[in-house]
Structure formats: structure tokens, C-alpha cells
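This report covers the fold, the cores, the chain contact and selected residues. The structure comes next.

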Amino acid sequence: MLMFLADADPIDEVLPHPLLHLPGGLYVSNQMLMSLVAAGLILLIFPRLFKQARGEAPSGARNFFESILEFLRVEVFRPALKEHTDRFVPFLWTLAVFICFCNVLGQIPVDQFLTILTGREVHFWGTATGSIVTTGALALCAFVCIHVSGLLQFYHDLVRGTYGHHAPHEERSANGKPGHEAAIDLEHMRAEALGADVSGDLRAVTDPTKYYASDEHPPVHLRPRDGSDAQAGRHGMNPALAAVMALPLYLWNFAPHPFRPEPNQKGLARIGLWCADIPMWTMLLALELLGAVIKPFALMMRLFANMIAGHIVLAALVVLIPLSAGFLSQLAYGAPITVLSLMIRFLELFVAFLQTYIFVFLTTLFIASAVAPEH
Amino acid sequence: MLMIGLLAEVVDKAPFAVGAGLAGLGGGIGAGLAGLGGGLGIGRLAGSAMDGIARQPEVGGRIFVNMIVAAALIEGFTFFAMVVCMTLIGKVMPA
């Protein structure tokens, strides 16, 4: 029975195996099944653990997942996305958890155990992210999220009348309520306790009585998120026109303008600068559009290649053992290769977690550059 | 120039099909070059990280984390080259 495992092709761990043949030449592969298994596991574990907000400190499995997810939110998402964090945390957390489960499940050699136990060749386990189609789908989700969020950001800016305003990024959550972690937001928690308002308007400092007495200037974090802002000089665009103008303005701002004239430059200097700016900007836009396609493509390739590389190295090593003739020489080859394989398995496990982090970190950076670009 | 001329002569006048073998040659050389590039890049990165940790051991943890992230990114496109080479070699193997 042990001979069955020795008979198996070590590269089988990497290749997709058809499990169910569908009409039209398509089939359900073991890697597709693995993504369903990962999704099923996630749906089993997470809602049950996190259904209610507990008052006391978390423990056990809840603590484990919460520490990882909170680490991602506080150390990775919030520094990049700042006030837009809460909008993207669900998507980014789902992405991270799904990729992590897929990667780690692929490292468990269930196939091999079942082959030894049952004596038949079993091929229904695999790495879901070891299929370039799965990672391509994940990269496509990231691409759609990045650009749709960017377009929606422009749409909302146009409707609210804040387009082009270089407002400083608030360090708090996006839903209007201040962030909850006092350890992070201590200044804001203190400011709220004191009733102080973080305002960019100098009149709040020079004439605070009049400024705060009027109802026209509610504090920054209590302003309504829709277009009903009563601020003077802020008139929003008609929503239908904003929907039409969002895409052209997104493309206009997609690439930087190297020779953009200052608002106070007039006349010939202004025309001259625009004449120099437009050709350069067109080239930069072409490069940026290429980059917009290449970055998710690189995400896809990086995750895919990292997931299968470990298995391929293992296969290349293990296939050396039966190549040599004689039991004793195979044993002599086998012992160090087994130890080396164990080390490579550890490395693969590490790479599984690291690649999750890299994918999610880079997606966060791309979303931040679309939604909250640094000036 | 001379070597390219020689290669062109071989491709034209050989009595067997040279194309698939050339793909295999390209794949092998490409994989080696990809390994070389990745190794050089990550080696430099590791050297700079070691220097940084030696200068300031107390930020060693942060330097290590950033080093791992940068290594993963460099390895990303090394693996991309490797996948291209594997595709080439896949064309050569007797199916």
C-alpha cells in the first residue's frame, strides 16, 4: 500500500485535476473545490465566533483571529487609508482571510494521507491559489474595487462640492463617528472630552466665541456626509452631471500634471504652461493606465508563482529518489531529501502567510492611491 | 554577430526541427538569469538590512519586517520570469 505513494507523480500536487466533467469541455477541478472548501470553512468559523460584540477581553479562537485582523487594520489599513479605512476594511479583511485559508489549506498533504490510507490515487485536495485563474479572479476583484472606489470618490466629491479641495486627511473613521481606539486616537478623544473642535478655519482661533456660537460651522466630524452641508461657498454639482463627469475627471487626475500652472498665473504664462503640460501629461497617462493594468497582474502572478514554487521545488527533489537504482542508494538519497523537504514545507507555510500579507498590503496601497491620493 | 550568423545557419540547414530545442535552451538560460537577478537583488537587500541592524540593534525588528516585505516583492517578479521559463520548457517536453 505504501508503494502507491511512491508511484504517484510528485508534480500532481501542483496540477489541476478534473473532478467533475461539465458539458462543453469544462470541468470542476480540485483547485476550484478547494476554494469552495476554504469559503465554507470561513463561513463556518467567522459568523459563529464574531456574532455578538463581547464586553470582556477576547479569548481562544476569537482572540487569535481578532489579533491578526486588528493588526491588519491598525498597522496596515489605517496608516494608508486614514479616514476611508472603515469603508474598505470588510473587503480587505475578506480578501486576507480567504487568501490565507486557501494558501494554508494547500499546504496540508491530505491527498497523500488518503492515498496511503485507501490505496487509491486521490486527487481532490490542492491549493486554490495555485491556480492562476483563482489569483486572477482575486486580482480582478482588487482592480474593480480600486477603480470603482476611485470613481465613486470623485462622484461624491463632485456632488458635495469638495472636488479639488486639498483638505487634510482626517485621522478618524469615515462614518462620521470618531475612531474607537483611545490608544490610537487619544488626542481626538481628549479633544472631544474638552469640547474642542479640530477646525482648519483660523476664525476658530482668533474669534472663538463668534465662530462656535454660530450654527453654520458644525465640528468637522459631525458634518453630514451627504450634500446637505450648509457651508458657504460649497455648492454641489447636479448628481446626473456628476455621474457623467466622474470618469473624465478621474482620468484627468489619474496622471500628475508636470507643468500645471498655479491658480494665480494669468495670460501668456498660463497658456504656455498648459501647452507644455498636455503632451507630457498624455504620456504620463498612458504609463499610468498601463500601470493600472500591470499592478493587479503582478499581484496575480506573485501569489500564483509563490504558491506553486514550493511544491515544484519539492517535486524536483523528491523525483530524484527513484531515479537512482538500488535500495541502499535510494535510502542514502532519501534521508537528506526528507529532511530538506521538511525545511521546505516550513518555508512554504511561512510564504503562505507572507503572500497573504503582501497581497492585502499592496491592494491597500493601490486603493489609497485611488481614493486618498497624497498631494 | 558571428554567433547569431552561426545560429541562423544551423536553424536553416539542420535536417531536424530546431525550434523546440531552442525554446528549451531559452527557457533554461532564462531561468538561470532570473535566479541570478533575484539572488543579486535580495542579497544586496539582505546586506543593507544587516548593516542597518548592526548600526541600530533596537530597530532590528522593524528593519526585519521591511526586509521581508521587500524580499517578497522582488521575489514576485523573479517568479514571474520563472513561470515564463517553465512555460517555454513545457513546450519542449514530449507531451
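## Fold of chain A

In chain A, 70% of the contacts with a separation of 6 or more are between residues 24 or more positions apart. Two residues are in contact if their C-beta atoms, placed from the backbone, lie within 7 Å. The model is predicted: local features need pLDDT of at least 70, side-chain atom pairs count only at pLDDT 80 or more, and totals for chains, interfaces and linings use all residues. Residues are numbered from 1 along each chain as its sequence is written, while chains are lettered from A and ligands numbered from 1 in the order in which they are written.

Chain A holds 12 helices and 2 strands. Both kinds of element are DSSP runs numbered from the N terminus (helices: H or I, at least four residues; strands: E, at least two). Along the sequence the pattern is α-β-β-α-α-α-α-α-α-α-α-α-α-α. Of the 375 residues in chain A, 23% are buried. A residue is buried if 20 or more other C-beta atoms lie within 10 Å of its own, exposed if 12 or fewer, and partly exposed in between; these C-beta atoms are placed from the backbone.

## Nonpolar cores

A nonpolar core is a set of buried Ala, Val, Leu, Ile, Met, Phe, Trp, Tyr and Cys residues joined through C-beta atoms within 7 Å. The largest has 49 residues. Those touching the most other members are A:Ala96, A:Ile99, A:Cys102, A:Val360 and A:Ile367. At least two residues each come from H2 (30–49), H3 (60–81), H4 (85–107), H6 (132–160), H11 and H12 of chain A, and from H3 (60–92) of chain B.

Not counting residues up to four places away in sequence, A:Ala96 touches A:Leu72, A:Thr356 and A:Val360. Another core, of 5 residues, lies apart from the largest one. Its members include A:Phe154, A:Tyr155, A:Ala242 and A:Ala246.

## Contact between chains

9 residues of chain A are in contact with 10 residues of chain B. On the chain A side, the elements that give two or more residues are H11 (268–318) and H12 (327–371). H11(A) gives the most, with 6 residues. The chain A side divides into 6 nonpolar, 2 polar and 1 charged. Here Ala, Val, Leu, Ile, Met, Phe, Trp, Tyr, Cys and Pro count as nonpolar, Asp, Glu, Lys and Arg as charged, and the others, Gly among them, as polar.

## Two residues of H12

A:Ile358 lies in helix H12 of chain A. It has 23 C-beta neighbours inside 10 Å, so A:Ile358 counts as buried. Leaving aside neighbours within four places in sequence, A:Ile358 is in contact with A:Arg302, B:Val69, B:Ala72 and B:Leu73. Its C-alpha atom is 9.6 Å from that of A:Ala96, 262 residues apart along the chain.

A:Thr363 is also in helix H12 of chain A. A:Thr363 counts as buried because it has 27 C-beta neighbours inside 10 Å. Beyond four places in sequence, A:Thr363 is in contact with A:Leu92, A:Leu95 and A:Ala142. The C-alpha atoms of A:Thr363 and A:Pro296 are separated by 8.3 Å.

## Helix H10

H10 of chain A has 14 residues (239–252) and should span 20 Å at 1.5 Å a residue. The expected span is 1.5 Å times one less than the number of residues. The end C-alpha atoms are 19 Å apart, which agrees. A kink of about 40° lies at A:Met245, shortly before the proline A:Pro248. The bend at a residue is the angle between axes fitted to the seven residues ending there and the seven starting there.

A:Ala240 is found in helix H10 of chain A. A:Ala240 counts as exposed because it has 8 C-beta neighbours inside 10 Å. The C-alpha atoms of A:Ala240 and A:Tyr155 are separated by 9.7 Å, and the two are 85 residues apart along the chain.
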